[in-house]
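Work through the two exercises below with the sequence and the structure at hand. Each task is followed by a solution in steps.

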Amino acid sequence: MTDISSFDNCTAEFHTLGCKLNFAETSTIARIFAERGIRRAQPGETPDICVVNTCSVTELADKKCRQTIRRLAGRYPNALIVVTGCYAQLKKDEVAAIEGVDIVLGSEQKLEISAYLDRWLASRKPQVEVTPAKDIRSFSPSCSRGDRTRYFLKVQDGCDYFCSYCTIPFARGRSRSGNIADLVAQARGVAAEGGKEIVITGVNIGDFGKNTGERFIDLLRALDAVEGIERYRISSIEPDLLTDEIISFCATSRTFMPHFHIPLQCGSDTVLRLMRRHYDSALFAHKVAMIKQLIPDAFIGIDLMVGTRGETEELFEESRAFVDSLNITRLHVFPYSERPGTLALRTIDHVVDQHTKSLRAGKMIALSDRKLRAFMQQFAGTVRPVLFEQPQPGLPLHGFTDNYIRVEVSSAPEALVNTVVPVRLIAISPDDPGTMLGELINK
């Protein structure tokens, strides 16, 4: 049991599972703590507070969350343990029952964490506060860097799509956004702090503006005009919301990088209909082709699910062949996970066994590795701008090109962190097939 008597001079440790949006919000929580004098615990230091920002996109994600919470409770028996995020939103009672947990906060309460610390301190009783997803209305702004060079700007939250396999609308609520004026002000704040790159995050960012009457393309144009920001990246955008206008804008933009991440989920139209996705393979292929026509060097990553209910062997092969035909760069492959309360469990009979899911995932990962290697190899010998990031102790400096190739430069001085410099790409690293070795060209 924690023996905290006040939060003056306390330390906190933060653990984030899941998406980039979660990382952005955790960074904001850390900033909220810092503003009231709670500093981040240093390596080897015992924290007074542990914050776990959870994910619940799969059953494996739930399991990892439980393991993380129990590990922290065992390691730091006197720490105040706060659990928030999607797992807390969906299964608050299950989380609250884990030994050692003191505060459980849902999606709407996440960034009000400071008030719940005070409530706990006043009562010394567990705090469990979760707004039902259907009643979530507020948009909590977040723009933070954390330990990274890049900043993450939350522009949208929630989702109205209700795909048959997905629990995100139940965990995050309905779609809602910030407004352009406020988001541009946050970007200007990043520039004032010396930030060079902002990643635009959200749950379904192409749906931006449903509650404000504004458009995502207008947000992009406004952000593009912010002086001092050299790079923006769109973290992920649904193919039906990635309009031709957005692609054309990115092709001529001053600051939006040649980098797209587009969830496909499956290359079979039959399975896409079972998933209740809002597009078909023809639309997806059109988006990829247009990007490559206007921005030939663009990195295109896609999300892909394998082994979903209804995916027969024939439909999987149809999906694999379609993905193989696309001029894309990398796949993020996820074996399907049964989620309680989803439509798929009630309406789709065909179930894929775990062994088959693993085999299918392996085939798609091998396809991804081949495509990524081919993409990287074509840039060997070329010079591209690299934004160097804060390195881990003892490791060489690394950064990302404009088109999102990870580059490692062994001779680069640490003074180059958070600067964009030209680097010659030499070859794929023999130690890491996802990294290219580079050299500064002004040597």
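Strands (E, at least two residues) and helices (H or I, at least four) are DSSP runs numbered from the N terminus, and two strands pair if DSSP finds at least two bridges between them. The model is predicted, so local features need pLDDT of at least 70 and side-chain atom pairs pLDDT 80 or more, while totals for chains, interfaces and linings use all residues. Residues are numbered from 1 along each chain as its sequence is written, and side-chain values use heavy atoms, without hydrogens and water.

**Exercise 1.** Find which residue in β12 stands opposite Glu 197, and place the strands in their sheet.

Solution.
1. Glu 197 faces Arg 231 in β12.
2. β11 (residues 197-201) pairs with β12 in the parallel sense, over four bridges.
3. Both strands belong to an open sheet of four strands in the order β7-β8-β11-β12, with mixed pairing.
4. Its edge strands, β7 (142-144) and β12 (231-234), each pair on one side only.

**Exercise 2.** Describe the start of α14, its length and its packing.

Solution.
1. At the start of α14, a side-chain oxygen of Asp 353 comes to within 3.1 Å of the backbone nitrogen of His 355.
2. α14 (residues 354-377) has 24 residues and spans 34 Å from first to last C-alpha, close to the 34 Å expected at 1.5 Å a residue (1.5 Å times one less than the number of residues).
3. Its buried residues (under 20% relative accessible area, 1.4 Å probe, protein chains only) include Met 364, Leu 367 and Phe 375.
4. The buried residues of α14 pack against elements including α11 (281-294), β14 (299-306) and β19 (420-428), where contact means heavy atoms within 4.5 Å.

How values were computed: Buried means under 20% relative accessible area, exposed over 50%, partly exposed in between (1.4 Å probe, protein chains only). A polar contact is a pair of N or O atoms within 3.5 Å; within protein, one must be able to donate a hydrogen and the other to accept it, and residues adjacent in sequence count only if both atoms are side-chain atoms.
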